Amino acid sequence: MSSRDSLTVLAASTPPANLPGLDPAYSHLVTVPGVGIDEGSSRTWHYLDNSAELAEHDGTPAGTILAVHGNPTWSYLWRALVSQTDDDRPWRVVAVDQLEMGFSERTGLHRTLAQRVADLSAFTAELGLTGPIVTLGHDWGGVISLGWACRHRAELAGVALLNTAVHQPEDVPIPAPLRLAGARGVVATATSTTSTFLDVTLSLAHPPLSPDVAAAYRAPYRQTARRQGIEGFVEDIPATAHHESRATLDAIADEVTRLDVPALLLWGPRDPIFSDRYLGDLIERMPHARVHRFEGAGHLLAEDVDYAPAILDWLAESIDAEPAEAASQDAVAAHPDFTPLWSRLDEHSDDSSLAVTDMTTSGEPLRVSWRQLSTRVRQLASGLHRIGVRSGSRVSLLVQPGPTLTAAIYACLRIGAVVVVADAGLGVRGLSRAIRGARPDVVIGDARALSAARVLGWPGERISTATLPRLSASALGVTHTLSDLFETGNDERLPDEPTANDVAAVLFTSGSTGPAKGVVYTHAQLSAMRDVVAAHFDVTPETGLVTGFAPFALLGPALGTRSVTPDMDISSPRTLTAVAVAAAVRASNARIVFLSPASILNVVATAGALTPDDRAALETVRTFLSTGAPISERLLASAAELMPNATPHTPYGMTECLLVTDVTLDGIRVVLDADDRGVCVGTPLGDNRVLISGLDSAGDATGEASAAPGVLGEILISAPHLKQRYDRLWLTDRRATRDVPVEGRWHRTGDIGHLDAEGRLWVEGRVQHTIVTGDGPVAPVGPEQDLERIAEVRRAAVVGIGPDGLRQAVAVIETMQGTRAPRFVGLDLAARVRASTTLPLVAVLEVQRLPTDIRHNSKIDRSRLSAWAERMLAGNRLVAP
């Protein structure tokens, strides 16, 4: 039963003076002439306003941020933004308590969405707010703020939203928590009679709110009469097409598509109310919006993360900046010589020679000719287009590398669909997070992948790689199979080709330094990467590739040369053996071999199984690449012994820029006796450039970029094939691509290192792994190399413990003999470890295996290891890191 018939009238007031983080000086009351159902009355609002503080500091506001809370919060939600302003161009912040909510007046009336938009307009009119105004909203306050924005276009400078929704499809139920709270016979008990709805909402914070902050949110809602506005808000959710507020919601959703002002969407994915589906809808309506998803954050984003700097950075970039400067940030590059990736397929459409060989299948290898591949790509492209896949549609490919995946990728690229590639090596949790974040329109996979998609609620229409029994297909939500699309595709009716600057792919990083990030590439950038590989490694149609590293398994068709995937589990590089590499070389007469560091370890370890025929095949290889992470001279030399006529290379790159520099084994040997620390990865390829953003004695960036030798700092790169941006990670991208101390398109790699006098790059670890001691910053790789020269040490990591600026180094090693449980090493070995390096070590620990990332199995997780070492030395139980 609703309590609408017994609503109570209560006067407005200011909040208590002791609420954490809220200066009472920001609180104000204003009486506003009523509109709509309040016509002829006046209503008193409570709001927060920092204008007096700005005036006191002689700050002329750049504009006004109009912040609108949702249900069941109040203006306290925006306290961090109210108190944080930019000294150069401060913004006035006006954060309202909506009528019936917070400390504003309880009018005794039920307010619809249309009424609340009208209320907000009356409020801003009474305050005399003039442009530029930026609206900021959360939850249902986001809808109301957008409704105000659509009615005040002349004053509007931008819109910003935190977890909200502007559209509710008729065939999709509203979120379960709202459905439960609004159920007949439950709504009053859940929202006003008790504080259940409020309590549940506050429990959604990650991490949990402190007791005093939670109490501050509860302060205006202590009594039933003061919670009736919460009930009214829930009752006003337009859950059905006939709801009194549905027409207003639909009108706002439609008008939002015509807002041509800067937009910002900040999102917490762990939100049981507004899922990523609502974010996807907002992106479709405002495709120009800056978007950032804060992994780990949820519905109460403003409490989960430090969001205020993000708002101010966006204002500075999108609104405060001069028009020419703002436009330059989104400038589109010209690519007059662009040749798409599928061009070689078109050229070889009548070629019956071998294009792709897949040796991962049981039984005989699967061989596909150029003609077959070209035909299949065009048929599948046409079939996908026929079922509604269009330019810009996102297609997640959960398919093992091989001819099927190759055809699917090139078909998507040909029609302008955006390929989403997330490695199964991320694990179920990481893979699910990646796919949910990318929000594909279509998922193509086998029964196992589609089962995971169903169970984990991954978005997208389901297409199966194989024909499934009818009941299984129905249970998995499969709408099509690839064979259906091949059969119905007409390769003579393909849409126009995408342009060079259209988005081509979202490729996910390995997640070795945090949640995997989606890296956006345009067609021009992927083609530029192909051209760098072709030019530097002299790839011709006769070359042939063995691709034992998944990211390069699709390059063959783009390069116009045959390729073979060896017998291995692509998601587990350590499964590749020396015999499998030899068989792949023999099967395709390949001259170039791509391997990952983890696979090299096992290839070298299994070399004893090679037959004379295997060794003869490996002798025909002329180029061998270790790609994915820098490796030591010792490991590269061990692999080179298996391919004695090949030139071994260990390029440096990353998902954001797959090839940056390159060095051969001979090049590494030239500098073995150099005084430089770290791993030498050679000089930049082609038009690539490398600079170093130096560090001061406290480990902070100096704000300068240098090519001077010996400067330790973060590695900056620039290249024609550098990524376009990170996907829906605007803040991460801003730091990595825009906040660099040099003009042009650059990327902060997150790696630390230096350049030597010959322009060679030396990688010394990750920025976050830098140990800032009392004597200044120390990179970990150099000391680790010292330790690994000891015969008993198989692999070493050096990490810091203690307070920033006074950290001390700890060595954690794997030994050749191995250990079952973590332990402190013996006195003799500890003494030799300490003597091997000039870096003072407070402890030397041994573990069975150092923690590494899943994909490469080579990048040591030093952050995890540092936290473990802290616990170990504090006397905690000796458990593995």
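1. Let's start with a term: two strands pair if DSSP finds at least two bridges between them. Keep that in mind for E22 and strand E23 (residues 623-626), which pair in the parallel sense over four bridges. One caution before you read on: this is a predicted model.

2. Staying with E22, look at its other partner. Strand E20 (residues 545-547) pairs with E22 over three bridges, again in the parallel sense.

3. Which way do the side chains of E22 point? Ile592 and Phe594 point one way from the strand (residues 592-595), while Val593 and Leu595 point the other way. In a regular strand, side chains alternate between the two faces of the sheet. Whichever way they point, all four of these E22 residues are buried.

4. Now move on to helix H25 (residues 597-605). Its buried residues are Pro597, Ala598, Ser599, Ile600 and Val603. What covers them?

5. Next comes an open sheet of eight strands. Its order is E2-E3-E5-E4-E7-E8-E9-E10, and the pairing is mixed. Strand E2 (27-33) and strand E10 (290-293) are the edge strands, each pairing on one side only. On average, neighbouring strands in this sheet are turned by 20 degrees against each other, with direction ignored.

6. Ala67 stands opposite Ala95 in E5.

7. Helices pack on this sheet too. Helix H29 (residues 730-738) touches strand E9 (263-267) and E10, and its direction makes about 110 degrees with that of E10. Helix H3 (residues 113-127) lies across E2, strand E3 (42-49), E4 and E5, and runs at about 110 degrees to E2.

8. H3 also meets another helix. Its axis and that of helix H10 (residues 246-256) come within 8 Å and cross at roughly 60 degrees. What do we call that arrangement? The two helices are oblique to each other, because an angle of 65 to 115 degrees would be needed for roughly perpendicular and one under 35 degrees for roughly parallel. At the meeting place, Leu113, Ala114 and Val117 come from H3, and Thr248, Leu249 and Ile252 come from H10.

9. Is Asp119 buried or exposed? Asp119 sits in helix H3 and has 4% relative accessibility, so it counts as buried. Leaving out residues up to four places away in sequence, Asp119 touches Val35, Asp38, Trp45, Leu99 and Arg111. Arg151, by contrast, lies in helix H4 (residues 140-151) and counts as exposed, at 51% relative accessibility. The cut-off for exposed is over 50%. Beyond its neighbours within four places in sequence, Arg151 is in contact with Val117, Ala118 and Ser121. Arg151 and Ala118 are 33 residues apart in sequence, and their C-alpha atoms are 9.4 Å apart in space.

10. Where does its side chain find a partner? It makes a polar contact with the side chain of Arg293, at 2.7 Å. Among the residues Asp276 touches, not counting those up to four places away in sequence, are Trp267, Pro269, Arg436 and Arg439.

11. Ser527 is found in helix H22 (residues 523-536). With a relative accessible area of 3%, Ser527 is buried, because buried means under 20%. It touches a run of residues, Phe338, Thr339, Pro340 and Leu341, not counting those up to four places away in sequence. From Ser527 to Leu559 is 32 residues in sequence and 9.7 Å in space, C-alpha to C-alpha.

12. Last, the cysteines. Cys412 is buried, at 0% relative accessible area, and Cys150 counts as buried too, at 13%. How many disulfides are there? The count comes to zero, since a disulfide needs a pair of cysteine sulfur atoms within 2.5 Å.

Key
Residues numbered from 1 in each chain as written. Predicted model: local features only at pLDDT ≥ 70, side-chain atom pairs only at ≥ 80, totals over all residues. Heavy atoms only, no water. Buried < 20%, exposed > 50% of the residue type's maximum accessible area, 1.4 Å probe, protein only. Contact = heavy atoms within 4.5 Å. Axes fitted to C-alpha atoms, helices over the stretch in contact; angles between N-to-C directions. Polar contact = N/O pair within 3.5 Å; in protein donor to acceptor, adjacent residues only side chain to side chain. Parallel < 35°, antiparallel > 145°, perpendicular 65-115°, else oblique.
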